[in-house]
Amino acid sequence: MKKVLFATTALVASTSFAMADVDLSGSAEMGIVGGDGFEDQFHTDIDVTFSMSGTTDTGLTFGASIDLDESDADRTIAGVPINNQNGTTEDIEVGGSPAFDNTTQGGETIFVSGAFGTLTMGDTDGAFDWALAEAIIGSAINDDHEHAGYNGNAGLDGTFDGQIARYDYSFGDFAFAASAEMNDENDNDDDDVFGLGAKYSGEFGTMNLGFGLGYQTRDEADIVGVSVTAGMDNGIKAILNYSDLDGVNGNDHHTGLAVGYSAGAITVAANYGIFERVDGSENEGFGLIGNYDLGGGAQLQAGYGNSDRDGVDTDRYSLGVAMSF
Amino acid sequence: MKKVLFATTALVASTSFAMADVDLSGSAEMGIVGGDGFEDQFHTDIDVTFSMSGTTDTGLTFGASIDLDESDADRTIAGVPINNQNGTTEDIEVGGSPAFDNTTQGGETIFVSGAFGTLTMGDTDGAFDWALAEAIIGSAINDDHEHAGYNGNAGLDGTFDGQIARYDYSFGDFAFAASAEMNDENDNDDDDVFGLGAKYSGEFGTMNLGFGLGYQTRDEADIVGVSVTAGMDNGIKAILNYSDLDGVNGNDHHTGLAVGYSAGAITVAANYGIFERVDGSENEGFGLIGNYDLGGGAQLQAGYGNSDRDGVDTDRYSLGVAMSF
Amino acid sequence: MKKVLFATTALVASTSFAMADVDLSGSAEMGIVGGDGFEDQFHTDIDVTFSMSGTTDTGLTFGASIDLDESDADRTIAGVPINNQNGTTEDIEVGGSPAFDNTTQGGETIFVSGAFGTLTMGDTDGAFDWALAEAIIGSAINDDHEHAGYNGNAGLDGTFDGQIARYDYSFGDFAFAASAEMNDENDNDDDDVFGLGAKYSGEFGTMNLGFGLGYQTRDEADIVGVSVTAGMDNGIKAILNYSDLDGVNGNDHHTGLAVGYSAGAITVAANYGIFERVDGSENEGFGLIGNYDLGGGAQLQAGYGNSDRDGVDTDRYSLGVAMSF
């Protein structure tokens, strides 16, 4: 028996109605994906997100979020010698994400917010990632426009278990954040990871400008990044992102640039990025997307990405419909 | 704090209210199951399904569906030599279904529908299964009435990763479908699977007749099946299903027959099926059910199944309550 | 596109509106935890629960419940020799709880209720656990107040697969229960587990008194327990719990005591418990909590627990916010 969720007008009007609630949203994608070394095939992806929120007697808001995709995510167990393969081993994928364990994160975020600002814990961005605008515009069902030269600005997030606490505060056009990821490993004396970030956005005539500045530090590395976003009333948008990565993951510094144009239901965009590495090599790439908004939460998305890993070229593409509910 | 889902009249009336939404439905079963080589024991099963839908500006409908049972399903990793067992290995069950991976299916379906017909992708029936009515009537909490001679008409679905695209179109009493499952394995040159199906249903005096015709093809096999369904106003229903399986899984052809009777809250039914195999052997069986509808979504269900695998006889039974929410 | 769940006044008013429905509730915790041999670290925990209910035509109520935490729980596979470690093995955690398998339980409960009483199946308490009040008051985000001497009164529950059927019936201030857990292991001739429980609660002047009596039996063990709860109008509450464990898990008998005081939004409580073991050793401990209710479903929680396992002392603490939605 199909059931639309139960909610009476009487309940909503009642003074004893709990302020806290749970909302559902979802997304889905269908289409075709392919590329170098990757057979053309169907793409079907889906997610459901639970968003919970409430208000204390003194007016603080609090809430939490988790989605099925991350709470059901796979983990890889490396080197399992299955089927008596004479010493050879395989990596196996097992489920059971740590979303519901307490001292790890697996996709959940939890927050408390008030006049003092907002404190967020769990699978949230450190202050570096929070501050910077990534050099990418538009969407593709298979994220093909994220290539070997694309930087998601994760910074030092995930150095330990990825369980992050971030405090942020905004006033007017300015916002600030500080974050920490604690070293929770029993046999590891490394320092915790700390981060700071600042953002500004403002209108200048027909242009909307945004600036981001982020910093993160741990034992052997201090990273710093800056981003500039410019959006014009005529539908053109540009994002520039530069970060000094201090050798983290072998990267010396990164530069990214994205340019896009929107008119009515259509968005087209391109992005380029390059990691200059400590060993002198380069990982670079570019991405292209075309999006057409069908209305009601559906969007046609075409994406292409080209990656050049120190001279070795590969590409990927996708075409399909993305839906949000 | 228990929370009935939040929905205000104001929101529903608002013109800015998004058309896309997420609905919840569920099912549960409790009872007792047992049979040959299967200790009598409690049966408790549960599921929750998320159904998402929306409408584009031009009136296309789109949507997606996923349930917790399939998104949390187990997979078996064979041959793991656990606990230093001196070379012996075990099969272990691990979770993490591919529901949320993009190039596999794990229970999700996604569709777009309009005047042109409906395109469905994911864990959906190929055109062969879509067209044919299975020779089974009524329900049992443990599906005991599905025996060694029962055919679910899966046909060639699942030859590769089970990720299927099906287009179907209906007008009046007729409906047609075409489907494909792509070979997405890098080291496999086999052809993709294609299928075609047609359905007709109509009223003839006091009788409701339905016909289904399905065809599927891949490299080494072409299968074809036909089904006839007859329902009479006096509550008697019969289904006949025949398919030529061309040696797929060792089966030459299959015949199934189901007869049922409904009066008020009661349904009783029997079904019989037989696989005649390439090697001359036979897998056959019969199933019996009695269902009593308690109203409000609850139903008493008794089921029995007898399987004869080339002369070896086993049976199973169950008794309990099935609930739908 | 964010979506508040869809529910129209028209649907609710309709006479054809199904009585059966699915409700969502959730909980989350954020804070800091630590203790002996346990690095100070962030704590972020989350859960979402699905509650389904309906009514038959004759007025029986039925329903079911499952939550994401338990349906996504980890299982441990012991002794896997990963990464060619020269014969050494590791325990790996894999997901895929048995919540959605039918002859096991993995957090789901299913019930039917009427004038005859209530029958509950699945991951529910046996009659022993159902009858007894545990000697604990208040909450801590990491349950630190549950120590080596704490007894959750599980009794013989979980002797086999933990899939329990319990019948309970109440009239006036009295309630009774009987429960069974079937031996569903093919190569095991042990008897099933049976249990009986009785509860009484009543008002005596300014005091609220509760009594519980529980009994459970299987092949080699009969356990019996009793609990007394006293709550006074001045906010003081006390719980005493004693059980004779007949050697189950090496325990001879257990005694627990909890005392708490609530005034307005504040609750403070302490509990003490001791297992006297068959071998003459003792496992004991005490726990302390302070809770402050912020309203709207949020609560500040501080917890401390001290465990003494046969003379070896450890402690744990936590501080944070618990939220219910």
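A:R218 counts as buried, at 18% relative accessibility. Start there. Keep in mind that this is a predicted model.

**Stop 1: the partner of A:R218.** Now colour by secondary structure. A:R218 lies in strand β11 (residues 207–218) of chain A, and A:D190 lies in the loop between β9 (174–181) and β10 (193–204), so the pair ties together parts that are 28 residues apart in sequence.

**Stop 2: chain B.** Select B:D190 and B:R218. Their side chains also form a salt bridge, again 3.0 Å from N to O. This pair links distant parts of its chain, 28 residues apart. B:D190 is in the loop between β9 (174–181) and β10 (193–204) of chain B, while B:R218 is in strand β11 (residues 207–218). Show the surface next. B:D190 is partly exposed, at 30% relative accessibility. B:R218 is buried, at 17%.

**Stop 3: a glutamate.** B:E220 counts as exposed, because its relative accessibility is 57% and the cut-off for exposed is over 50%. Go back to chain A and select A:D190, A:R218 and A:E220. Salt bridges with shared partners join these three into one network.

How many salt bridges does a search of the whole structure find? The count over all chains is nine.

**Stop 4: the nonpolar patch.** Select A:M232, A:I236, A:L240, A:L257, A:V259, A:Y261, A:I266, A:V268, A:Y292 and A:L300. Together they form a nonpolar patch on the surface, with about 820 Å² of accessible area. Which strands each supply at least two residues of the patch? They are β13 (236–244), β14 (251–263) and β15 (266–277) of chain A. The largest share, three residues, comes from β14.

**Last stop: A:Y292.** Zoom in on this member of the patch. A:Y292 sits in strand β16 (residues 282–295) of chain A. Its relative accessibility is 39%, so A:Y292 counts as partly exposed.

Technical notes: Residues numbered from 1 in each chain as written. Chains lettered and ligands numbered in written order. Predicted model: local features only at pLDDT ≥ 70, side-chain atom pairs only at ≥ 80, totals over all residues. Heavy atoms only, no water. Patch = residues over 30% accessible without salt bridge, like charges linked within 9 Å, V, L, I, M, F, W, Y side chains within 5 Å. Areas by Shrake-Rupley, 256 points an atom, 1.4 Å probe, with all protein chains shown as cover. Salt bridge = Lys/Arg side-chain N within 4 Å of Asp/Glu carboxyl O. Helix = DSSP H or I, 4+ residues; strand = E, 2+ residues; numbered from the N terminus. Buried < 20%, exposed > 50% of the residue type's maximum accessible area, 1.4 Å probe, protein only.
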